[in-house]
Protein chains: 2
Amino acid sequence: MALYQVSFEPSGKQGSCRSSRSLLDCARRLSVGLASICGGCGSCHSCKVRVLSGTVSAPTASERKILSPEELEAGWRLACQTYPASHCRLGVPPESMTTPHRTQVEGAEATAALEPAVRAYHVRLKAPSLSDLRPDAERLLEALNEENRLSCSEIDVEILRVLSSKLRSWGWECQAYVRSREVVGVGRRAGHHLGLAVDLGSTKIAGYLVDLSSGKTLAARGLPNPQRSYGADIVSRISHAVKSPLARRRLQQLAVGALNRLALDLCAEVKAKREEIVDAVVVGNTAMHHLLLRLPVEQLARAPFLPAVGAAMDIRARDVGLHIAPGAYVHLPPLIAGFVGSDHVAMLLAAGAAQAGGPVVALDIGTNTEVSLIDGGSITSVSCASGPAFEGWHIKDGMAAASGAIERLRLVGDAVQYQTIDGTAPVGICGSGVLDAMAQLYLAGVLETGGRMKDNHPRVRTCGEQREFVIVSEEERGGRAAITINQRDIRELQLAKAAIRAGIEVLLRERGRSENEIQKIIIAGAFGSYIDVGSAVAIGMLPALPLNRFEQVGNAAGTGARLILVSLSKRAEARAMPPRITYIELSAHANFTETFVRANYLGKEAAAARARKTN
Amino acid sequence: MALYQVSFEPSGKQGSCRSSRSLLDCARRLSVGLASICGGCGSCHSCKVRVLSGTVSAPTASERKILSPEELEAGWRLACQTYPASHCRLGVPPESMTTPHRTQVEGAEATAALEPAVRAYHVRLKAPSLSDLRPDAERLLEALNEENRLSCSEIDVEILRVLSSKLRSWGWECQAYVRSREVVGVGRRAGHHLGLAVDLGSTKIAGYLVDLSSGKTLAARGLPNPQRSYGADIVSRISHAVKSPLARRRLQQLAVGALNRLALDLCAEVKAKREEIVDAVVVGNTAMHHLLLRLPVEQLARAPFLPAVGAAMDIRARDVGLHIAPGAYVHLPPLIAGFVGSDHVAMLLAAGAAQAGGPVVALDIGTNTEVSLIDGGSITSVSCASGPAFEGWHIKDGMAAASGAIERLRLVGDAVQYQTIDGTAPVGICGSGVLDAMAQLYLAGVLETGGRMKDNHPRVRTCGEQREFVIVSEEERGGRAAITINQRDIRELQLAKAAIRAGIEVLLRERGRSENEIQKIIIAGAFGSYIDVGSAVAIGMLPALPLNRFEQVGNAAGTGARLILVSLSKRAEARAMPPRITYIELSAHANFTETFVRANYLGKEAAAARARKTN
């Protein structure tokens, strides 16, 4: 029996696999975290992988049923049905990974010509003597400028506070980190030259440690946003922040504390010191951006929802409380509006919005879902109040994407097949599971187009005054309370999905475009990467376009932040973006209410069809 | 009997004076603080004043004896001998004031074309609406730039932290304070527009509050430097600072604390808030400069005595711990060497060094005495270790210039005439008194040229192993210990005066100039303003030039700091000064030791004569 080397991207995990074992078996043994709802019988498509190199067994009948000829042609296979026939390398898309493996730090490696804002130079100085009485700072600047043909003229005061002793202890030789005309850091010869890119989300914070001399991401990590203790949603945090300057300071400290923690952990991973981080970029929604900088947020919560500042900013890291190189700056890309932040700018940058031609929709699903329509040279953006239902909030048995959460779900006749995070016994349903449930109930005819739950399925029952669908019964849970989804949950989800769909509709109408003209729908962000696009289309949250027009890009805001970190051109591109963007405030838009009401209907064609009817 | 209005400059004090009362009487009644050693009998010249306008009585015989015809011609008179004959305005030179009135904040009002680094603009903004969604910061910048044809592009983050609520509470109208392209402060319409100039001395700190819209000094104040608790001299403070980072921080906190206190007191005087101070300039010697910024000082105490940085600096006030407008900067003019600081640069600026043609000597006497020789386009500088004797330290009965200190002294036959600060009973001798004593003893033949005290005067006695001269005897003090000056005091003073004289000699030699070629000797600083120049010449501390070539300019460093505060051209002039200056490190200078030894001799001609002999 042959043994082959099998490796899985992007985790890089690899090991040997017998030709008699499926790729799913191999992935399980290597803890790749590959999803498998049906348990490996080939009846779902959750273990879909792509063969990047090497040969594998021929497609089975199940695969031919589930995958299109184009998909098979492109190398897509079900891992449970496929066996290695040589050494091979497989790509695992985010949606095929179980939640703990789909960390919020994913996203394509940033690719841009290396052009960091802070560059490193090696400097050798002449030691002082009675015939050469230049002060230490002038001595450094003159050697630096002469050796590297620069015209640096300043050294940050925090550097000056350590420079004299360091130059002496290093034998008049050092690495100088230069930003524009200022020295913002000094280090030993051959020290690290690091940058930090952060996507500061309301729920999660993703950090990337980047080598500014190579552009490579050395480490990536995620942390929950500790501000959650003051409310899961932005509005509760703003309400808290406006109570007192102390409260605002507290929220800032929590965010900065998390960033400092992240910097420390990332540095530990590559055995660096956080003083070796000489530049930083932080993107986030407008509220997170303002809370991090301790900017006022009162006016963000009141019409017309204005940011205190919209332009890109460069602030000394110490003025924010960020402990990196003492002279370093943190760059904050521009914001678009009160509810469309720099994370969206970063996402558009990563998605190549500036270069996109035909109509492209880019969205980042969350409590607020930012949607942009890129069409020719112009970008039009909206923010949809989609609410926290997709994060498991306001849903009877909803929960965050944690151990035991049902993350994928299929209805097979009277039975429910599901997959939980970590494969443990189910304890609730997270966002992607809820979305699947709604789609499956609609497709099975349990939900009407209007959202009403019918009593036509053995798992539907009435509890109190409302119907509910039993996903895991009391017996199946050994006597514990059943996990169900009820009529009120469905209504909550309808509001959420309608908000998103209505945002897309308004954008298309504004530009005089129809759904079918959309060339690509880019879905960014943690939640957007986990969902089954088919389910989202089935319930009418997203337009009914061929699935190959959808692209789930993971944390594109994080990718954008890294681009802005390693490339001054990308930084300039981001800075130039807001003037090109037309922001539409939905709450003030004439057609919004009726569009929103229509978008509550379920079904692929429902919303669009009704829209056509009304126009 | 006629009544006339009499006013005294620079204090501005005025009142009516009968034609039968002398100007000295009038000055006493108005608390002008005019000196009077002989008690008003016309035998000394300590109450010398200058008639600026109006007519007065004709000169008396005493005046004709004491004042030269040129002086009389120029309006100089003895206040005790002069009576008003009309309303008149009188100028009181610093040397004619008693010490408490000669505060260390004196100095000519800065005069330069008004051109402050931070300018004030009134801005009226359009209130936001759903059809005008510009963020608050952009709204301000656009209105500011449009109304005033500026191209501001930044607002400091500390301003942004308050801008949104302030703009709303002020009805979208404000005063914006702009530095280069950045808004560093905002205030109510018609708020103050203030600048702070500080001369940070080792002993005293002088602060000036300047109206940047008019260039006028609104208030001036002095404070003792609280770092004195860690040593009167710079070297002890450096020794303390290098003990630990905590010690360095403590010394910084003391200096910054005093500056904050000064800002608060100055603002209280004019009913302003310290947040209305939008720019600051601090000058000081190199050690004070470094301790204020918490820069390393180890290398200042070891040959070759290098500053950590020499160039002019602009630092956010908050990075120094200075509580003025939250976005304000503090400007620190350049340093010349480890022992020649920005106070000397400021003094040279105030003295018009750039414009001075013929050889001019400018010096600031202190523990370290900085001396510059301005000759044609070039400036040559030295720092002389003159020690603390002139501040009353290391002198048996020496004391600081405080209440009861003998500040002026004359020997009349066997008697000693003296004047104490506040006119109270004598408790000791301060610097100017010590200098007078030495000169009077030398002129009376009690001191030999070499400094030995002879036993040829009834007030000379031997106490223990050395001779001493009794200034106030036990009987004269009603049984308390006598106030004396002994041989060891004389030796200490010789070292001090020799250091200064040797510095001047080295400079002249270096430029190939002789004493007689010196057109002007500018004496700056607190001590230098109080001394009797005649005494300083008598003992050979200063060259024997006609007295009208000496100019006592008060706190010229403070005047220079104010010039740098109100004028960007003066700031540029100060910045350009160090490259024009040749600094000579005396300890490494070939001829220094012999020059110094020679300069120990007393007498007007002694040092010079011996110098000529040797050459």
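Here are some notes on this predicted two-chain model, written to be read beside the structure.

1. **Ground rules.** Residues count from 1 along each chain as its sequence is written, and chains are lettered from A, with ligands numbered from 1, in the order in which they are written. Since this is a predicted model, local features need pLDDT of at least 70 and side-chain atom pairs count only at pLDDT 80 or more, while totals for chains, interfaces and linings use all residues.

2. **Where the chains meet.** Let's start at the interface: 34 residues of chain A are in contact with 34 residues of chain B (contact here is C-beta atoms, placed from the backbone, within 7 Å). On the chain A side, helix H4 (136-148) and helix H5 (157-169) each supply at least two residues. The most comes from H5(A), with six residues. Helices (H or I, at least four residues) and strands (E, at least two) are DSSP runs, numbered from the N terminus.

3. **What that side is made of.** By class, the side of chain A that touches chain B has 22 nonpolar, five polar and seven charged residues. Nonpolar here covers Ala, Val, Leu, Ile, Met, Phe, Trp, Tyr, Cys and Pro; Asp, Glu, Lys and Arg are charged, and the others, Gly among them, are polar.

4. **How the copies are related.**

5. **A sheet in chain A.** Six strands form an open sheet in the order S12-S11-S10-S13-S15-S14, with mixed pairing (strands pair if DSSP finds at least two bridges between them). Its edges are strand S12 (217-224) and strand S14 (313-316), each of which pairs on one side only. From one strand to the next, the twist averages 20°. Within the sheet, S10 (residues 194-200) and S11 (residues 204-211) of chain A run antiparallel, joined by seven bridges, and A:Asp199 stands opposite A:Ala206 in S11(A).

6. **A hairpin in chain B.** Strand S17 (residues 369-375) and strand S18 (residues 378-384) of chain B pair in the antiparallel sense over seven bridges. Two residues lie between them in this hairpin, and B:Gly376 in the turn has a positive phi of about 65°. B:Ile374 stands opposite B:Ile379 in S18(B). S18(B) also runs parallel to strand S27 (residues 581-583) of chain B, with three bridges; there, B:Ser381 has B:Tyr583 as its bridge partner.

7. **Burial.** Which strand is largely enclosed by the rest of the structure? That is S18(B), because five of its seven residues are buried (20 or more other C-beta atoms within 10 Å of a residue's own, C-beta atoms being placed from the backbone). A:Tyr601, in the loop between helix H18 (592-598) and helix H19 (606-614) of chain A, is buried too, with 22 other C-beta atoms within 10 Å.

8. **The core.** The largest nonpolar core has 391 residues, and A:Ala362, A:Ile471, B:Ala362 and B:Ile471 touch the most other members. Such a core is a set of buried Ala, Val, Leu, Ile, Met, Phe, Trp, Tyr and Cys residues joined through C-beta atoms within 7 Å. Not counting residues up to four places away in sequence, the residues that A:Ala362 touches include A:Met347, A:Ile374 and A:Ile522.

Technical notes. Two residues are in contact if their C-beta atoms, placed from the backbone, lie within 7 Å. A residue is buried if 20 or more other C-beta atoms lie within 10 Å of its own, exposed if 12 or fewer, and partly exposed in between; C-beta atoms are placed from the backbone. Axes are lines fitted to C-alpha atoms, for helices over the stretch in contact, and angles run from 0 to 180 degrees between N-to-C directions.
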